[in-house]
Every structure is written in C-alpha cells, then in structure tokens.
Amino acid sequence: MQMVQETFEDLGVALADVTFVVVDLETTGGSPAGSQITEFGAVKVRGGAVLGEFQTLVRPSTPIPPFITVLTGITNAMVAQAPGIRTVMPQFLEFAAGSVLVAHNAGFDVSFLRAAAAETGQPWPGFAVIDTVRLARQLVHRDEAPNHKLSSLAQLFGATTTPDHRALHDARATVDVLHGLIERVGNLGVHTLEELQSYSSRVSTAQRRKRFLADAMPSAPGVYVFRDRAGEPLYVGTATDLRRRTRTYFTASETRRRMTEMVGIAESITPIVCATPLEASVRELRLIAAHKPRYNRRSRSPEKAVWVKLTDEPFPRLSIVRVVKDDGAAYAGPFTARRTAEAAVTALHEVVPLRQCTPRLSLRGTRGSACVLLEMQRCGGPCVGAQTVEDYSHVAEQAAEVLSGSCRTVVAALRARLDTLAGQERFEEAATLRDRMLALVRAAARAQRLRPLRETPELVAARRRDGGGWELVVVRHGRLAGTTLSPPGADPLPYVAALQETAEVVQPPGAGPEAVVLTEETELVLRWLESPGVRLVHLTGTWTCPVDGAGAARAVLEPQASHWSEVDVRDPSPATPLERPVGALPLGAA
C-alpha cells in the first residue's frame, strides 16, 4: 500500500528538519488589489544554517509613488530595467518549493504572493506559513521591547542585519528573529512544526507536555477515551484519524475551557479502532451511556428522556412516562424535555376529545360529577357514564392512529383550528398551537421511523467505499450487530455471509429503559441507511413506514413553521415510502 504524506502534522516534523524560506517584499502600496511587488528578498534556512538567498527588483506596470520611494529608497529608475513579475514569480516559486514560508506580518506578504501567482497563471502551492509577528506577540513582553516591529525584535535578538525596508536586508533580519523565537518556544516544549504553527500562550506548558499521550495513537478511524489516574473515563469522542484528532487537545486549536481542564486531569488515552465510521459513532454512544464521563455533555443520560403513552385500558388516556413497556400501548417519542412532551399532549387534546382525568375507569365508568371539559364538549364524559366503551374506542383509535399511523385527519383539524385563531387575530394563541402541533408531529414521526427498524429481525446493507470495496453493516432490531469492510476488487457476498454468522445476537426490544437508551443508536443506524449510496442486501421481514404518517406532515410543516398561515396540510405530498422488498440487491465487486 502506498503511503501518502498529507501534512507535516501526520509526521510531527522536528523544527531542525524543516526548510524555512523567510521572505520579505517591497511593494508600491498596501494592498495587492491596487499595488504591485517591486522587490523580492528571501533566505532559505534549515537547522540554523543558510542554504541560499533570492533577491531581485521587479518592474511594476505603474510608477512607484514618491512616498514609497522615500520609505524604501527604490526609485523608478532602479526598476526600469528589472524583470517583470511574470519572469520573477516562477523563479521564486521554484526557490521556495517544498518549504515553509516565514514572514514578519505574513498576511501582507502572502496576499501579494498569491495575487502575483494568480496574475501570472502559476498555481499557488499552499505553503505552510509562520508569522513571526504572531509568535512575538505571545513570546515577547513589553518590558523586553517597546513593540513588535521588525526593527525592535531584531535589536532584541541581536540580528546581524539591520532592517531598512529593503527586501533582502529585512528577510535576513527576520531569520535571526525566527531563530530567537524558536529558541524560546523550544524551552516551552515546542519541538515540531505543527506545535509551532498552533502555538499559543493560552496553552500551558503542562498541557503541551502531555502531548506524548497522543503519540501512541494509531492513524486510523475509531473512538478515543481520555482516562484519569484511576482509569475512569473522563471523555469519549470519535475521529477519522485518532492520532491527528487527539493531538489537537494539546494545542491552541482546542479552545473549550472544560476540555483544557479535562486534559489537565487525564493520564492516558485509550484508542478503539473501528472498521467503519458508523461503528465508531455507535461505540461512542454506548460508552457514554455506560460510563457517563463527566466531560461529555451529549448522550450522558438518555434514560432521562420521556415518552407520550396512550394507555391500554377500557378508557385510554395520554400519559407522560419514562419507561417503555411491552404492554400493547401506543408510544410516541422519545422527548428530550418534559415540556415538549406536554406540548404534544396538549396539541392532541385540542382536536381529539380524550379524557384528561387520571383515575383508571372501569368498563361502566365512575358515577360522579364531571369536569368542565364535558361542558366545553372537549370530552365525552366516560367518567360519569355519559360515553360507552364502544363510543370512546373511536376516540382512542384517532389518537392511536396519530402515534402509530396516519396523522392526516388530526393535523388537518389542528390546521383548521389555526385558521380560526388567525381569522380572529389571536396570533399569540395561534403561534402556541403551531408549536404544540410541531411537537406532536415531530414525536410521532420519530416513533414511526424508529419502530419498523426495531421490529426488523435482520437487515444487511452496504455502501461503496471511495477507494473501492464495500462498507457492510448488519442491523438487528435497530441495533448495530456487526460491520466490516470488503477489500477492493473482491466479491463482497462471502464477507456478507461471514458477517451474518459472527454478528451480535440481538433480542427484540422488550420492557424497561433499554428502548429509550437505544433510541439514539437506532437513529444513527437509520440515518446511515438513508444516506446516499446505501444498498439493501438482505432483509428478514418487512421494513415500512406509513406513507401518510407524521413524517409527511412534518416535511410540509417544518419548512414554513415561521409562516404557519401559509402552510397547507389538507393534502400534503406523501413522503417516499420506506418499504423495501425482501431479498438481495446485486453488489458488484468494487
């Protein structure tokens, strides 16, 4: 396999082995938009030794302004016979090829160089760039130098050349400043180019010295776990390149205060190499749910989610619960916040006259006084025997249909209610109802998407990899049971068969909090299955979602949520059904 060096960071190149080209330009003005280069000066150095120099005047197409001549001493007569930028720019790019550019106030010089490359039709090589001004601002204090100008820094570091606004002289002075700055950061534990590029005084020396923890990480996709001295997980994350990602925690690219605190406590990093990105994401979720690391914020407490339940009793009602049971009841959710669940319940109560009292009613109801909902015709009064079980069952079926099947009728009724409120100019009430309706539709759509996958005993899918071969996945009852890769050019079907034999055995989701805990995993798997390029290889059973379910209504409502008066849900466009035929789709060798 041919290895490709993508960046210096992949190898951690020692500063002593880096070739720097320190460059300075003189120009006719302060912006490449209306000014041109009049002089190049560059010094190539490595390991403290000068390897070569590049210097030339450049003939601009416009006269040099008098104040620039006063500043630099470069006159129009001096550049009259000099080569043009079309001659000089290719020569400079050849001189600087493969190096790291260094400049004092690098943004200025690099902007002119990029403009010159574009003007002359030369591709810009994408040099790594070091700015000595940025480094000096973090390493040189005011009591050492009055400012961070090149002349002040050259004096501080004892430069052998005095800068005088001539390109080569200024470049030579910048070389001495660069070496002085590198010596300072070396005493702080910075020894590679990547560390120098990302150096910040905000990163403590202790934090930077812990970077060795990342050096043992493999350059492979997977999950990483920061652990404290006792081996307890502090933080869990995923990465496409474990080594590259974990190294960023010890540089200025990590700006989160809590992560800096976490790195200070960490004593080790555990890598878990994964075959596919989906496996890494699922492993991350499972580890966070199992260990609840203190520095992870997402997915730490999935068991705290709530569901809306239509109870299984003679006169069902809506209830907000934390546990999904195998009791024949209809569920919608999960909701991450109880107030969102309450909004969804209120929306359903707006148009479906379910009882809202909490006692469990017998088949004959409970004789007593009715609540105000009966007078408002928002309930049929089963609690006082005013509604039979048969009559109430039709009401309960409407609610169950919203949670598990079509929500067209209920959403249309809510829309009619919105139109009524709008016609009465009761816009605040309409906005509240709109939010409740969206909460209901989102929860129902989520449940309707997840339930079919959880009920599917086995599903095998594949996605072609960019470099050839296939990414293979086995899903059982909504849980990732196994994943592997087939090599480029190989027949993937034997790998599919082997994966099916070795994949995890997953029992159908039953009662208890497990259904809530696994919701995020099922959603991750479902997003992968719905991603472009995924092919269904094998399916045991059926995998369908209602065409006119909550997903169709959500697709219509959400894009115009802020313009609810314009939304038409009376005849929403049906969502594409997810039903797939049982059997295998052909997978060619790739």
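**Figure 1. Tyr224 and Tyr235 are both buried, a term that denotes a relative accessible area under 20%, with exposed meaning over 50% and partly exposed lying in between (1.4 Å probe, protein chains only).** The model is a predicted one, in which local features need pLDDT of at least 70 and side-chain atom pairs count only at pLDDT 80 or more, while totals for chains, interfaces and linings use all residues. Residues are numbered from 1 along each chain as its sequence is written, and side-chain values use heavy atoms, with hydrogens and water left out.

**Figure 2. Twelve aromatic pairs are counted in the model.** Rings of Phe, Tyr and Trp (its six-membered ring) pair if their centres lie within 6.5 Å; planes under 30 degrees apart are stacked, those over 60 are edge-to-face, and the rest are tilted. The pair of Tyr224 and Phe226 is edge-to-face because the ring centres are 6.0 Å apart and the planes meet at 85°. Tyr224 has a relative accessible area of 2% and is therefore buried; Phe226, at 0%, is buried as well. Tyr224 also pairs with Tyr235 in a tilted arrangement, with 6.4 Å from centre to centre and 40° between the planes. This second pair links distant parts of the chain, as Tyr224 belongs to strand E6 (residues 222-227) and Tyr235, eleven residues apart from it, to strand E7 (residues 233-239). Strands (E, at least two residues) and helices (H or I, at least four) are DSSP runs numbered from the N terminus.

**Figure 3. Phe40, Phe54, Phe92 and Phe95 form a cluster linked by ring pairs.** The ring of Phe95 also has the charged end of Lys44 over it, 4.6 Å from the ring centre. A charge sits over a ring if NZ of Lys or CZ of Arg is within 6 Å of the ring centre and within 35 degrees of the ring normal.

Figure 4. Cys274 is buried, with a relative accessible area of 4%, whereas Cys357 is partly exposed, at 27%.

**Figure 5. The protein as a whole has 23 helices and 15 strands.** Of its 590 residues, 50% are buried. Among contacts (heavy atoms within 4.5 Å) with a separation of 6 or more, 67% involve residues 24 or more positions apart.
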